[in-house]
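Here are my notes on the model you sent over. Have the structure open while you go through the points.

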Amino acid sequence: MRGDEAKAACPQIQLVQVPVARGKADLNLYRSAGSEVVSILAKSGKCERASIDEVYLDLTDAAESMLADAPPESLELIDEEVLKSHILGMNREDGDDFKESVRNWICREDADRRDKLLSCGIIIVAELRKQVLKETEFTCSAGIAHNKMLAKLASGMNKPAQQTVVPYAAVQELLSSLPIKKMKQLGGKLGTSLQTDLGVDTVGDLLQFSETKLQEHYGVNTGTWLWNIARGISGEEVQGRLLPKSHGSGKTFPGPRALKSLSTVQHWLNQLSEELSERLGSDLEQNKRIASTLTLHASAFRSKDSDSHKKFPSKSCPMRYGVTKIQEDAFNLFQAALREYMGSFGIKPQGNKLETWRITGLSVSASKIVDIPSGTSSIMRYFQSQPTVPSRSADGCVQGNVAMTASASEGCSEQRSTETQAAMPEVDTGVTYTLPNFENQDKDIDLVSEKDVVSCPSNEATDVSTQSESNKGTQTKKIGRKMNNSKEKNRGMPSIVDIFKNYNATPPSKQETQEDSTVSSASKRAKLSSSSHNSQVNQEVEESRETDWGYKTDEIDQSVFDELPVEIQRELRSFLRTNKQFNTGKSKGDGSTSSIAHYFPPLNR
């Protein structure tokens, strides 16, 4: 019962309130308790965590081992907890002692192998339950059978703190009177269809239909599955999973508490999204897992149509990490679902009033959770682990595709801390970036593969296989130099204009292409982007600048500058104004426009 219903039935009842957070029940305490139990049970065999307080165990190997080494019939002493087991279909004469009957069933020498394995399972599970009680002070009930379906049904038959066993001989007895809606996966539309279309009220009623008949009504796969479960047959295996498949946060709003405005819906979606984000962050930190799908579920009804709450559509979208993003996406999903749910009812008058809606339940969930592939980590690691890190030096120190969010890129500073400069020894290096502080920002997580990142220790020389202008294809040249001059050390990271100054947009001649066949295009770009710190290369680039610069300043789309930080906008516009006269008369006049992406090398995907 709900609390208020219980109070009405029993005014003297003492109700215990679970912890509350964000206006709803906080189940974190229960999740932690469930994890404690799982950690103990997992030691005995393959373990699948099915919910916050439910676990499947595959004890086949343990039972086989016990049957080979110490079969139940050879045991002289059997624990009291074992003798309390409820064995369905066990023959017991009037007046027989219950525990003695259980002992006789377990220790039968003429039992078939399947029942002997169950006997071993009874002993193993009783010991596990005692261990859980000892280490956690939690009691638990158990169902013991030859498949997950039967074990699930048996686990709730004798509570609390007891165990129930389903031998093969008792399967039909268990299922014959079991309501069809009590069977897993038959509590929804399929169960309703079986009741209305075939007149099936119990699982045993399915036995009157042939497999072919069920396949005609529900398709080949579903028809065969129904035929099997009616006989207690299930091939579903226990999956080795100790962590939940999804995370969800929900709340119901019964009766007069139903939500009736977008503002109240958004408020509760924000609360639910905040909890979901917290759990996702904890899962990412502790288990190195990420979710890829966000789903919104809701139940609702329209005025004069109280049964329509079952028809509110669920909506999903790709998962974006960060509280604000989850809140935004959840509300957008709700609005899309509401438009679909209401259709024309939102504007159709009902008498003198417009059709209205009420929300009686809301939930947001994150699913399709997978382990982060080996060799990947959060991009935040590269910003928070050290005060400074090597930048893109001539060898392409950071290689591959590294994504940065807009908020992160806008926060990048072109300054360098004096403490870092003072502490930096004389080293061979390229450029060092100062990192922004992300502690107070929304932690939006992007992932990069470590195999795409090449470490460049600041105390080692960076060697690159490039070719000098005077001796192409035959020698290697070191890009980068010792920073002996204090002015150079205080110079900080280079301006983006330095990169533009050194960019060669003119395609190489055929002869140059042949000469440089041993050097990848990526290496050539790296050489130019880093040459501002090499005086010889700088001089060569400056000399060839008049003939090599190939863009048209008049036709650059100025709107792209709005996407850049203000400091870079100012610097670029100043530089482009300087070069406007320099390039006058050199454009080809082909009428094409450029985007800022034109000046960057293509990404290697």
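1. Start with lysine 116: at 18% relative accessibility it counts as buried, because the cut-off for buried is under 20%. Keep in mind that this is a predicted model. Lysine 116 makes a salt bridge with glutamate 73, with the closest N and O atoms 3.6 Å apart. That pair ties together distant parts of the chain: lysine 116 sits in helix 6 (residues 113-136), glutamate 73 in the loop between helix 3 (60-69) and helix 4 (80-83), and they are 43 residues apart. Glutamate 73 is partly exposed, at 27% relative accessibility.

2. How many salt bridges are there? The count comes to 20. One of them joins glutamate 274 and arginine 22, whose closest N and O atoms are 3.2 Å apart. Here, too, distant parts of the chain are linked: glutamate 274 is in helix 12 (residues 262-287) and arginine 22 in the loop between strand 1 (20-21) and strand 2 (24-25), 252 residues apart.

3. Glutamate 328 and arginine 320 also meet in a salt bridge (3.6 Å, N to O). Then there's a network: Glu48, Lys148, Glu236 and Arg241 are joined by salt bridges that share partners.

4. Glutamate 48 has a bridge partner in strand 4 as well, namely tyrosine 56. Strand 3 (residues 46-51) and strand 4 (residues 54-58) pair antiparallel over five bridges, and the two form a hairpin with two residues between them.

5. Aspartate 96 lies in the loop between strand 5 (86-87) and helix 5 (98-106) and is partly exposed, with a relative accessible area of 34%.

Notes: Residues numbered from 1 in each chain as written. Predicted model: local features only at pLDDT ≥ 70, side-chain atom pairs only at ≥ 80, totals over all residues. Heavy atoms only, no water. Helix = DSSP H or I, 4+ residues; strand = E, 2+ residues; numbered from the N terminus. Buried < 20%, exposed > 50% of the residue type's maximum accessible area, 1.4 Å probe, protein only. Pairing = 2+ DSSP bridges. Salt bridge = Lys/Arg side-chain N within 4 Å of Asp/Glu carboxyl O.
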